[in-house]
Structure formats: C-alpha cells, structure tokens
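Have the model open while you read.

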Amino acid sequence: MPPLVDTLPADWVYICEGGATIVLSYHGPSNPFFDGTVLRLRKRALDDTDTDTVHDSEQEDPIIEFQEKCLERLISPTHLPRMKRVLVGADSEKWLQALAVQCEPLRPLERRQKDEIDRKRLKAVLATDLVGGEGITVEIKARCRACFYSSPKWGFLPSPIYLSNATRPIKTQTCRFCMHSHLKALSSSYCPLDLFSGDESRTKKALNSLWDAWADRHGTVNNFRVFVNGKNISPTEQQCIVGLLSDIADPKEAVISALLPVLLDAPVLHTISRLQRTLDALDIEGLARLCGLAPIGTQPTIAEWTDFLDAYLASPTTPPPADATHLRYHVLAYLLSATFKDCSVLVRVPNGTATVIDLDPKSVDRLRKWEQLDREIVTAYAAVPNRKICVDS
Ligand SMILES: [Zn+2]
C-alpha cells in the first residue's frame with residue numbers, strides 16, 4: 001500500500017465530516033490503491049493546547065480494530081464499509097497542512113470554529129467510497145432516541161425506578177429527537193420513530209418529512225444529504241435526479257420510491273433501533289443515579305469491549321441488575337448505545353445497498369455532559385404546553 005504522499009493533496013476532494021473525522025474522496029489519476037476510496041482523517045480541537053505530540057499509536061484511531069472485533073458482531077459486515085489503515089508518509093505534516101488549507105473553505109462554519117485536521121497524525125484510514133461513482137446516495141442520520149420504556153415488542157422492560165416522577169410522563173410520550181427539535185425551534189413533522197417503525201406508510205412519511213426539511217432549509221439540515229454521482233447536491237439542483245432512477249418526473253418522488261424498498265428490506269434500521277434500545281436499558285438518568293459521584297472510569301480497551309459483548313450477546317434483552325457490581329457493564333452499554341444513536345445510514349440507489357457509517361466509539365468523558373444535556377432538554381420541554389405524542393413501533 002503506497003503512502004498518501006504519493007498522491008497530491010489536490011487529488012482529494014472534501015465530502016463531509018463527523019465529530020471526530022473529515023472525509024475526502026479520491027479524484028486523482030487512476031490508481032489501483034486509491035480509486036473508489038475515501039480518506040478519513042482525524043481532527044483535533046482548536047482549544048487543544050498539545051500541538052507537539054505526534055500520534056503514532058494504533059489506539060489513536062481505533063476504528064478499524066473496533067469494527068473488526070466489536071461492530072461486526074452486531075451488524076453484518078455486508079452493511080459496514082471496508083476499511084484499511086494507510087501511512088501518510090514522508091513530510092506528513094506538510095502534506096496534511098496543504099490538504100487542510102484546501103478543505104477549510106468547504107467546511108461548515110460551526111465545525112471550522114471548533115476543530116481542524118490533525119496535522120500530527122502519521123496514519124489515516126482508507127474506506128470504500130460509498131457516495132462516489134454513478135448513482136444516487138442518500139445519507140440519513142439515525143438519531144433514533146426512543147425514550148419509550150414499555151415496548152413489549154423489544155422485551156425492553158419498563159423500569160420506573162430509573163426515571164424520576166418528573167421526567168417519566170414526558171420521556172414516555174415524546175421521543176428525545178422531537179423534544180430537541182422543538183427546543184431548537186426546528187419545526188418539522190419528522191419523527192425518527194416513524195423511520196424506524198418498519199411500517200411502509202410511516203417510513204414513507206419520515207422520508208417525506210426529511211426531504212421537505214432538507215428542501216426548506218436549503219440543504220443545511222445535518223440529518224439528510226443527497227449525493228448525485230458523487231456530488232453533495234443542494235435542493236436547487238434536485239432536477240438532475242430526474243431520469244436517473246425511473247421515469248418519475250418529480251425528483252422527491254423518484255428518490256423516495258427508490259429508497260423505500262431498500263430501507264424496508266435491509267435489516268439495518270431494525271438492527272440499529274434494537275441496539276439503541278437494548279444497550280440503553282437504564283436511560284442516562286438511571287445510569288447517572290448508579291454512578292452517583294463515583295468516577296466513571298477510563299476509556300474502555302478493545303479487550304474490555306470484547307468481554308462486554310460476550311456478556312451482552314449472551315442475553316441482549318435482559319441486562320444485569322442496575323447495581324454497583326455491574327456499573328462498568330452499564331457504562332459500556334450506554335457508550336455503545338450512543339455510538340448507534342449517532343451513526344448514519346447510506347442508501348445507494350439504484351443498486352439498493354444500505355451501509356452504516358460513523359460508528360466511532362464514544363468517549364467516556366462525555367457521559368456527564370450527556371446527562372446534563374438530557375436534564376436540560378427534558379426540563380425545558382416540560383414547560384411546553386402542547387407536547388408532541390410520538391408513536392413507538
Ligand atoms: Zn418523535
């Protein structure tokens with residue numbers, strides 16, 4: 001595998017970014033190693049004062065090992081991107097600096113204010129390019145935070161002891177996504193529980209709402225993106241879709257009727273929803289009560305993740321008791337549920353594939369922040385007079 005410095009920074013085109021990485025696709029001269037791939041580069045926070053450390057440890061980008069040893073036990077590898085590690089090569093900092101300068105104007109403002117490409121990295125990750133080439137790819141952010149505690153379908157036992165009297169009536173009626181959207185004044189009829197329902201008309205309703213929000217907000221929503229022949233299009237460019245998928249003259253209709261059978265047939269949405277629920281058995285409220293003021297512990301190692309998955313997979317719907325002895329189990333379960341709440345699904349049509357991406361392990365340090373955010377959202381939403389009623393599947 002040749003190093004990245006064998007290519008020019010200009011051969012890589014910015015596509016998008018998540019919390020931890022930036023993704024670029026290869027558009028350089030034909031190269032058997034890089035054709036059809038995307039590059040995932042780690043970012044660093046602008047307020048990170050440690051600018052001297054050179055990161056060379058495999059642990060610095062644990063995604064490949066995490067995928068091979070953990071994620072593939074939960075999601076079929078056919079629905080995961082193929083990934084491999086690549087060296088940046090000689091003069092890596094200079095090469096990454098040139099790439100960072102080139103990407104900067106294309107990055108969303110709110111990201112630019114927070115972080116940048118980490119130029120000290122010696123390695124990066126190459127993955128299958130799931131949006132490039134001919135065809136249409138739609139990216140849907142999962143964000144299905146089902147806060148329902150009595151869903152018999154999932155065998156997810158209601159645990160009133162984990163919710164306070166104040167939050168129970170709210171959290172069991174309105175899903176977390178809808179509470180948060182309301183408070184951010186993002187009026188949309190989209191509810192992730194419709195998307196994850198497995199029901200054709202509700203899934204269609206969710207896709208319609210996602211499309212409308214994307215069109216109304218000029219493509220600035222972060223839970224829906226449309227790529228046509230590798231290009232992230234804006235709603236004003238949607239006419240280019242017509243004729244690519246079917247003879248349907250309306251682009252929205254053409255895309256949704258192509259996506260719908262893929263989403264209903266592929267097990268990915270069902271799997272993500274099941275993992276989110278069964279891994280988040282206590283809710284952050286219950287977990288916070290269990291942790292109390294005790295330190296939450298260190299970032300799990302791969303060995304710890306493996307042991308956790310052995311226990312979880314032996315009995316996914318019956319978690320161990322919420323007591324101090326099993327605190328670590330519940331911390332790891334919650335962290336993993338957060339990974340599945342934050343992932344995206346890429347649906348490619350007309351070839352009909354669905355791939356789950358953005359499955360990075362979450363930092364244990366964020367648990368306290370999530371608990372605080374959860375409290376703020378539920379407290380603020382409690383004051384809303386006409387609360388939305390979300391329907392669980
Ligand atoms: Zn909802």
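The four donor atoms around the zinc ion subtend angles of 104 to 114 degrees, so the arrangement is tetrahedral (four donors with all angles between 85 and 135 degrees). For four tetrahedral donors, the ideal angle is 109.5 degrees. The protein donors here are the SG atoms of Cys175, Cys178, Cys191 and Cys390, lying 2.3 to 2.4 Å from the zinc ion; donors are N, O and S atoms within 2.8 Å of the metal (3.2 Å for Na, K and Ca). Along the chain, their spacing reads C-x2-C-x12-C-x198-C.

This is a predicted model, where local features need pLDDT of at least 70 and side-chain atom pairs pLDDT 80 or more, while totals for chains, interfaces and linings use all residues. Numbering starts from 1 along each chain, and side-chain values use heavy atoms, leaving out hydrogens and water.

Now for the helices (DSSP runs of H or I, at least four residues).

| Helix pair | Axes come within | Crossing angle |
|---|---|---|
| H5 (residues 176–183) and H13 (residues 367–382) | 10 Å | roughly 70 degrees |
| H9 (residues 268–279) and H12 (residues 327–341) | 8 Å | roughly 150 degrees |

With that angle, H9 is roughly antiparallel to H12 (over 145 degrees). In this pair, Ile272, Leu275, Gln276 and Leu279 of H9 meet H12 residues including Tyr334 and Phe340, with contact meaning heavy atoms within 4.5 Å.

Terms used
Axes are lines fitted to C-alpha atoms, for helices over the stretch in contact, and angles run from 0 to 180 degrees between N-to-C directions. Helices (H or I, at least four residues) and strands (E, at least two) are DSSP runs, numbered from the N terminus. Angles under 35 degrees count as roughly parallel, over 145 as roughly antiparallel, 65 to 115 as roughly perpendicular and the rest as oblique. Four donors count as tetrahedral if all angles lie between 85 and 135 degrees; four count as square planar and six as octahedral if opposite donors are over 155 degrees apart and all others between 65 and 115; anything else is irregular.
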